[in-house]
Amino acid sequence: MNDQSLLDSAMPLPAKAGGRVSRSQKARFYYFVASCLRKSDPGSARRYYMQALREQPLFLRAMIRIAFG
């Protein structure tokens, strides 16, 4: 499964549904996508973990996944 098909099938972020999205919510969303891609596409997963960290710099789980895979 590639990232675009995963994003298309994932539950929409609240902003798509008309609400506001916090940075924390965005970080959790990117972490979820990365976790889904972790085994099938590690390079893309790493990019999503990094995006999660850009949204929430102290996101410990994302830091651990980047450091240790």
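1. With a relative accessibility of 73%, Leu58 counts as exposed. Here buried means under 20% relative accessible area, exposed means over 50%, and partly exposed lies in between (1.4 Å probe, protein chains only). Leu58 sits in the loop between α3 and α4 (60–68).

2. This is a predicted model, in which local features need pLDDT of at least 70 and side-chain atom pairs count only at pLDDT 80 or more, while totals for chains, interfaces and linings use all residues. Residues are numbered from 1 along each chain as its sequence is written, and side-chain values use heavy atoms, with hydrogens and water left out.

3. Helices (H or I, at least four residues) and strands (E, at least two) are DSSP runs, numbered from the N terminus. Of the 69 residues in the protein, 29% are buried. Contact means heavy atoms within 4.5 Å; among contacts between residues at least 6 apart in sequence, 43% join residues at least 24 apart.

4. Two helix lengths can be checked against the expected span, which is 1.5 Å times one less than the number of residues. Helix α2 has 15 residues and reaches 21 Å from its first C-alpha to its last, close to the expected 21 Å. Helix α3 (residues 42–55) has 14 residues and should span 20 Å; its end C-alpha atoms are 20 Å apart, which agrees.

5. The buried residues of α2 are Ala27, Phe29, Tyr30, Tyr31, Val33, Ala34 and Leu37. In α3 they are Ser44, Ala45, Tyr48, Tyr49, Ala52, Leu53 and Glu55. Val33 in α2 has a relative accessible area of 0%. Val33 and Ala52 are 19 residues apart in sequence, and their C-alpha atoms are 9.8 Å apart in space.

6. The largest nonpolar core has 15 residues, and those with the most contacts inside it are Tyr48, Tyr49, Ala52, Phe59 and Ala62. Each of α2, α3 and α4 supplies at least two residues of this core, and α2 gives the most, with 7 residues. Such a core is a set of buried Ala, Val, Leu, Ile, Met, Phe, Trp, Tyr and Cys residues joined through side-chain atoms within 4.5 Å. Setting aside residues up to four places away in sequence, Ala52 touches Ala27, Tyr30, Tyr31, Phe59 and Ala62.

7. The whole structure contains 1 salt bridge (a side-chain nitrogen of Lys or Arg within 4 Å of a carboxyl oxygen of Asp or Glu). Glu55 forms a salt bridge with Arg23, and the closest N and O atoms are 3.7 Å apart. Glu55 lies in helix α3 and Arg23 in helix α2 (residues 23–37), so the pair ties together parts that are 32 residues apart in sequence. Glu55 counts as buried, at 14% relative accessibility. Apart from neighbours within four places in sequence, Glu55 is in contact with Arg23, Lys26, Ala27 and Tyr30.

8. Leu58, Leu60, Met63, Ile64 and Phe68 make a nonpolar surface patch of about 580 Å². Patches are made of residues with over 30% relative accessible area and no salt bridge; like charges are joined within 9 Å and nonpolar side chains (Val, Leu, Ile, Met, Phe, Trp, Tyr) within 5 Å. The protein exposes about 4800 Å², of which carbon and sulfur atoms supply 58%. Accessible areas come from the Shrake-Rupley method with a 1.4 Å probe; for residues, only the protein chains shown count as cover.
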